[in-house]
Amino acid sequence: MAIHELPINTQLTEDIVIDTSKDAVVIDGVSKIFKKPRPLLRWPGKRTTGEEEKREIRAIDNVTLTVKWREIIGILGANGSGKSTLIRMLSTLLIPDTGTLQIFGYDVVKDERMVQRLINRVSVEASFFKKLSPMENLIYAARLYNMSSKEARTNIRTILLRLGIKEDRIKAPLENMSRGMQQKVAIARAFLTAPIVLLLDEPTTGLDPRSKVDVQNFVNELRDQHNATILITTHDMDEADALCDRVAIIDQGRIVALGTTDELKQGVTQLMGRTTLVSMNEVFMHYTASQIITEEDIQRYGSWEKAFEAIEAQREEEKE
Ligand SMILES: Nc1ncnc2c1ncn2[C@@H]1O[C@H](COP(=O)(O)OP(=O)(O)OP(=O)(O)O)[C@@H](O)[C@H]1O
Ligand SMILES: [Mg+2]
């Protein structure tokens, strides 16, 4: 289908006026700490105070990041590095412990309602009525956005077909669909209305290569034709390279690298003293080695590889 035929309803957003001279997303000094209760070791005969020792997890640690209008920014990081926590705070599902998050000048805590109108979040744990079909589920979603069922029906069908959902599946119960197909329905829901800021938490994880490209094309179209600003988390380095204007690498809740994929690749190539440009995979490995490998480390250990090994070994030791 030609790009101009992409059916996206803009009714929802027509009455919202955003100031595009403002940054789309401003994250300023944000931290989020989770407290996990840990049962105390009980020694025989020893009385406990009844109070549980709390273990703190600093899921997001003093993050500052600005995303411009119409930018596609990738958030990369190992499992548990804090990506989803950041996305949840931006979508008003979690409240930050410190700092502020703003969407076009609206604060996610103080202007929660307005922020909810501006953002749209897709995550793998999307909730649906499993007994209903994709069409029924999406019509339900469209109603929440005041879209007429007739108009919604046409849009939904086109989007689902484009994402590779077969005609006969559109009206069959969702519970019989594969995980990847259900994920596509979740993605279709986000594309049904033209969101101003789209928050995509691993939208392509688990999708086949063709479907990944379909989703990436959708993301590009939303930016090119509907001026959407997009934050996307992914574990696919090629996807980050192909899709994102800039990427932020996050490690243990902190941003450890930020820039275009080219800038990051060039930086790491230089650090490692290589003659050919490193891949995004190598960039990722470098920055998520818990601790960034510095010039000093390289001198101390003789080479980047040796420094990397030493730091990894140290990290393993710390874990034990
Ligand atoms: N509701 C919660 N309660 C307690 N701890 C949490 C909660 N949500 C997340 N965490 C912890 O915060 C840290 C960051 O988790 P988060 O889900 O943000 O990581 P992620 O980068 O999205 O990982 P993944 O790549 O696996 O999706 C982890 O240590 C996680 O265990
Ligand atoms: Mg996550």
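Colleague: At what angle do the axes of helix α7 and helix α8 cross?

Modeller: This is a predicted model: local features need pLDDT of at least 70, side-chain atom pairs count only at pLDDT 80 or more, and totals for chains, interfaces and linings use all residues. Residues are numbered from 1 along each chain as its sequence is written, and chains are lettered from A and ligands numbered from 1 in the order in which they are written. Helix α7 covers residues 179–192 and helix α8 residues 209–226; their axes come within 12 Å and cross at roughly 5 degrees.

Colleague: How are such elements and axes defined, and is α7 roughly parallel or roughly antiparallel to α8?

Modeller: Helices (H or I, at least four residues) and strands (E, at least two) are DSSP runs, numbered from the N terminus. Axes are lines fitted to C-alpha atoms, for helices over the stretch in contact, and angles run from 0 to 180 degrees between N-to-C directions. Angles under 35 degrees count as roughly parallel, over 145 as roughly antiparallel, 65 to 115 as roughly perpendicular and the rest as oblique. The crossing angle therefore makes α7 and α8 roughly parallel.

Colleague: Which residues of α8 make the contact with α7?

Modeller: Two residues are in contact if their C-beta atoms, placed from the backbone, lie within 7 Å. From α7 come Gly-180, Lys-184, Ile-187 and Phe-191. From α8 come Ser-211, Val-215, Phe-218 and Leu-222.

Colleague: How many residues of each class does the contact of α7 with α8 have?

Modeller: Ala, Val, Leu, Ile, Met, Phe, Trp, Tyr, Cys and Pro count as nonpolar, Asp, Glu, Lys and Arg as charged, and the others, Gly among them, as polar. On that scheme the contact of α7 with α8 has five nonpolar, two polar and one charged residues.

Colleague: Turn to α4. Which residues of α7 does α4 meet?

Modeller: The axes of α4 and α7 come within 10 Å and cross at roughly 30 degrees. That makes the two helices roughly parallel. Pro-134, Asn-137, Leu-138, Ala-141 and Ala-142 in α4 meet, in α7, Val-185, Ala-188, Arg-189 and Leu-192.

Colleague: How are α4 and α5 set to each other, oblique or roughly parallel?

Modeller: Helix α4 (residues 134–144) and helix α5 (residues 149–162) have axes that come within 10 Å and cross at roughly 130 degrees. The two helices are therefore oblique.

Colleague: Which residues of α5 make that contact?

Modeller: The α4 side gives Pro-134, Met-135, Leu-138, Ile-139 and Ala-142. The α5 side gives Ser-149, Ala-152, Arg-153, Ile-156 and Leu-160.

Colleague: Which element gives the largest share of the shell around ligand 1?

Modeller: A residue is near a molecule if its C-beta atom, placed from the backbone, lies within 6 Å of it. The residues around ligand 1 include Phe-34, Ile-57, Gly-82, Lys-83, Ser-84 and Thr-85. β1 (25–38), β2 (53–67) and α2 (83–90) each give two or more residues. The largest share, three residues, comes from α2.

Colleague: How many residues of α2 are buried?

Modeller: A residue is buried if 20 or more other C-beta atoms lie within 10 Å of its own, exposed if 12 or fewer, and partly exposed in between; C-beta atoms are placed from the backbone. Lys-83, Ser-84 and Thr-85 are among the buried residues of α2. The helix is mostly covered, and its buried residues number seven of eight.
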